[in-house]
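This report is for a reader who is new to the structure shown below. Please look over the sequence and the model before reading on.

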Amino acid sequence: MKRQTVQRQVIMENFFSMKDHPTAEQVYQQIHTKYAAISKSTVYRVLQQAAEDGEIARVEVQNGPDRYDLRRSPHYHIRCSVCGRVDDVKADRLPDPMKFLDDAGGYDITGCSVMFSGVCSRCAGTGK
Ligand SMILES: [Zn+2]
Ligand SMILES: [Zn+2]
């Protein structure tokens, strides 16, 4: 049990040091070089649990693995169509789509996500 807690702490610390909405795989890759004892399934499980507990947010990505976000407040994302990285976009004036839904066709709404797409400055060769 103790060991689990230490591993969880290492995983979460590494996650919080990664700013670009990493996938569980990316968190594992970063941890693996330093802590070979932590298995991939542990990394996946810890991140999934943290998201379920509301400690971190999960960002669902179309045609790709889920990403995890240390920012929990609602905000919008942009995804690079070349390298797949996900960043936050500043869109404070964008209305919450949930507030403008007139008819959900009988669905019990559980959420809504907006994902912008584009080419990041690194892939476009215009920045870092
Ligand atoms: Zn890119
Ligand atoms: Zn975000």
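How many residues lie between strand 3 and strand 4 in their hairpin? Five residues separate the two strands, and Gly84 in the turn has a positive phi of about 85°. The sections below set this hairpin in its context.

## Overview

The model is predicted. Its chain has 128 residues, of which 15% count as buried. Four helices and five strands are present, and along the sequence they follow the pattern α-α-α-β-β-β-β-β-α.

Taken along the principal axes, the C-alpha atoms fill a box of roughly 50 × 40 × 25 Å. Of the contacts between residues at least 6 apart in sequence, 46% join residues at least 24 apart.

## Two domains

The chain is divided into domain 1, residues 2-59, and domain 2, residues 74-124. The centres of domain 1 and domain 2, taken over C-alpha atoms, are separated by 24 Å.

An open sheet is formed by three strands in the order 4-3-5, with mixed pairing. Strand 4 (86-89) and strand 5 (115-118) stand at the edges with a single partner strand each, so one side of each has no neighbour in the sheet. On average, neighbouring strands of this sheet are turned by 35° against each other, direction ignored. Strands of a sheet pair through backbone hydrogen bonds, in either a parallel or an antiparallel way.

Both kinds of pairing involve strand 3. Strand 3 (residues 76-80) and strand 4 run antiparallel and are joined by four bridges. Within this pairing, Arg79 has Val86 of strand 4 as its bridge partner, and His77 has Asp88 of strand 4. Strand 3 and strand 5 run parallel, and four bridges join them as well. Cys80 stands opposite Gly118 in strand 5.

## The nonpolar core

The largest nonpolar core has 11 residues, among them Ile11, Phe15, Val43, Val46, Leu47, Ile56 and Tyr68. Helix 1, helix 2 and helix 3 (40-52) each supply at least two residues of this core. Helix 2 gives the largest share, four residues. In soluble globular proteins, nonpolar side chains tend to be buried together.

Which residues of helix 2 are buried? In helix 2 (residues 24-32), they are Ala24, Val27, Tyr28 and Ile31. These four cover an arc of only 100° around the axis, which puts them on the same side of helix 2. Ala24, Val27, Tyr28 and Ile31 also belong to the largest nonpolar core.

Leaving aside residues up to four places away in sequence, Ile56 touches Ala50, Ala51, Tyr68, Asp69, Leu70 and Arg72.

## Two loop residues with positive phi

His21 is found in the loop between helix 1 (2-17) and helix 2. Its phi is near 50°, a positive value in a residue other than glycine. Is His21 buried or exposed? His21 has 22 other C-beta atoms within 10 Å, so this residue is buried.

Asn63 lies in the loop between strand 1 (57-59) and strand 2 (67-69). Asn63 is not a glycine, yet has a positive phi of about 55°. Is Asn63 buried or exposed? With 5 other C-beta atoms within 10 Å, Asn63 is exposed.

Helix 4 covers residues 121-124 and contains Ser121. Why does Ser121 count as exposed? A residue is exposed if 12 or fewer other C-beta atoms lie within 10 Å of its own, and Ser121 has 12, so Ser121 falls in that class.

Ser121 and Val61 are 60 residues apart along the chain, and their C-alpha atoms are separated by 20 Å.

Technical notes
Residues numbered from 1 in each chain as written. Chains lettered and ligands numbered in written order. Predicted model: local features only at pLDDT ≥ 70, side-chain atom pairs only at ≥ 80, totals over all residues. Pairing = 2+ DSSP bridges. Axes fitted to C-alpha atoms, helices over the stretch in contact; angles between N-to-C directions. Domains from an automatic or database assignment. Buried ≥ 20, exposed ≤ 12 C-beta atoms within 10 Å, placed from the backbone. Arc of directions from axis to C-beta. Core = buried A, V, L, I, M, F, W, Y, C linked by C-beta atoms within 7 Å. Contact = placed C-beta atoms within 7 Å.
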